[in-house]
Amino acid sequence: MDFAVVLVSPILLLQFCVRTLRNFLRSIISKVPWQTAPRLQGESPALPPAAGEEEHAAVPTSVNYHFTRKCNYKCGFCFHTAKTSFVLPLEEAKRGLKLLKESETGMEKINFSGGEPFLHERGDFLGELVKFCKQDLHLPSVSIVSNGSMIKERWFHKYGDYLDILAISCDSFCEDINQVIGRAQGKKSHIENLYKIRQWCRQYKVAFKINTVVNTFNVDEDMRDNITKLDPVRWKVFQCLLIDGENAGEEALREAERFVISDLQFQDFLDKHSSVSCLVPESNEKMRNSYLILDEYMRFLDCREGRKDPSKSILDVGVKKAILFSGFDEMMFLKRGGKYVWSKADMKLEW
C-alpha cells in the first residue's frame with residue numbers, strides 16, 4: 001500500500017469533517033440568540049472562519065469607503081443607491097479608518113465615494129476625513145470619486161494639499177445624453193463643470209481622473225478628443241453592472257436593465273478608444289469582486305452572488321474578522337491593475 005495515501009487520508013477526512021461541521025453551524029447559527037448587539041438588516045453572521053482561512057484573509061491595501069448613500073444625481077444605472085441616509089459620526093469614521101491602517105500589512109490607499117461625498121456637510125466632513133488620512137495616518141494615497149456638482153474652489157484651498165487623486169464621473173460629452181442617463185442636476189452643465197474642476201486640480205496640484213460607465217446611451221460615442229484635452233492621469237472605463245437590490249430586482253431603487261450592454265459592445269467601445277493611453281478598462285468580470293468596499297456602517301460588501309451582502313462592521317469585530325466575509329478577489333484586483341502609482345508625490349506630474 002502507498003504510504004503517502006495512508007498519511008494524507010486522515011488529513012482529508014479531518015478537512016471534510018471541519019467543512020461539514022461549519023455548514024451545520026451556519027444553518028443553525030442565525031436561530032441562536034448569542035449576539036450581544038442586534039445585527040443590522042442584511043448583515044452576515046460573523047461565523048468563526050474554518051481552519052486555515054484566517055491565514056488567507058485578504059489584505060486591505062486599497063479600500064473604497066462609501067460613507068454616504070445620498071446623492072443629488074439620479075443616474076439610472078447607479079449600483080450604490082440611497083437605501084439609507086445614515087452617516088457615521090466623524091470620530092467613529094476616523095476610528096474605523098485608523099483600524100484599517102493598523103490592520104495586518106496596513107491600508108495604503110483610501111478612496112472616498114458615495115452617493116455624492118461632497119453633499120454631506122457641504123464637503124467639510126469629507127475634507128476632514130481626507131486631512132486625517134493624510135496628516136494623521138500618513139497614507140500614501142487618498143482619493144475621491146465624485147460627480148463634481150458640489151465641489152467649490154474653497155474646498156481645494158482648504159483640503160487640496162491632503163488629496164492625491166480626484167476622480168470625476170463623466171459618461172458623455174453630450175449634455176442631452178447626460179440628462180437621459182440622470183448624470184445632471186437641473187440645467188447645469190456637467191461638462192462645463194468638469195473642465196472647471198480640471199483646472200482647479202492643476203492649480204491646487206491634485207491628480208485628475210475620469211470615470212465613465214459605458215451603457216446603451218453612450219456606447220457609440222467618440223470621446224477621444226475630450227479625454228485628450230482633459231488629460232487625466234487615468235480614465236477608468238466601466239461596463240454597466242447590475243447589482244440585485246441596488247439597480248435590479250424588486251427592492252432596487254433603480255432599474256438599470258435598459259442601460260446594460262453586451263461584452264461585445266463594451267469591447268467595441270474599448271477598441272474605438274484604444275489610442276487613449278490613460279484608458280483603464282474594467283469589464284463586469286474584473287469589477288464585481290475586485291474592490292474592497294465599505295458601506296456607511298463600515299461593513300465590507302460581498303458582491304459574489306450578484307448582490308451586496310454585508311459583513312459585520314469593522315467597528316464591532318475588527319478588520320481581520322470582517323474582511324473574511326468581503327468576497328474580495330485579491331488576484332483579480334492585481335490583474336485589473338488595481339495597484340499602480342497612486343501617490344501624487346510619486347507621479348512626477350507637470351502641474
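I started with α2 and found Ala-93, Lys-94, Gly-96, Leu-97 and Leu-100 buried (under 20% relative accessible area, 1.4 Å probe, protein chains only; exposed is over 50%). Looking down the axis of α2, I see these buried residues within an arc of 160°, so they line one face of the helix (the arc uses directions from the helix axis to the C-beta atoms). On the other side of α2 I noted Glu-91 and Glu-102 as exposed.

Some ground rules: this is a predicted model, where local features need pLDDT of at least 70, side-chain atom pairs need 80 or more, and totals for chains, interfaces and linings use all residues. Numbering runs from 1 along each chain as its sequence is written, and side-chain values use heavy atoms, without hydrogens or water.

Next I checked which helix α2 crosses. The axes of α2 (residues 90-102) and α3 (residues 124-136) come within 11 Å and cross at roughly 30° (lines fitted to C-alpha atoms over the stretch in contact, angles 0 to 180 degrees between N-to-C directions). Helices here are DSSP runs, H or I, of at least four residues, and strands are E runs of at least two. I listed the contact (heavy atoms within 4.5 Å): Leu-90, Ala-93, Lys-94 and Leu-97 of α2, with Phe-125, Glu-128, Leu-129, Phe-132 and Cys-133 of α3.

Then I moved to α8 (residues 263-272), where Phe-266, Phe-269 and Leu-270 are buried. They cover an arc of only 100° around the axis, which puts them on the same side of α8. Covering them I found, among others, β5 (207-214), β6 (234-239) and β7 (279-282).
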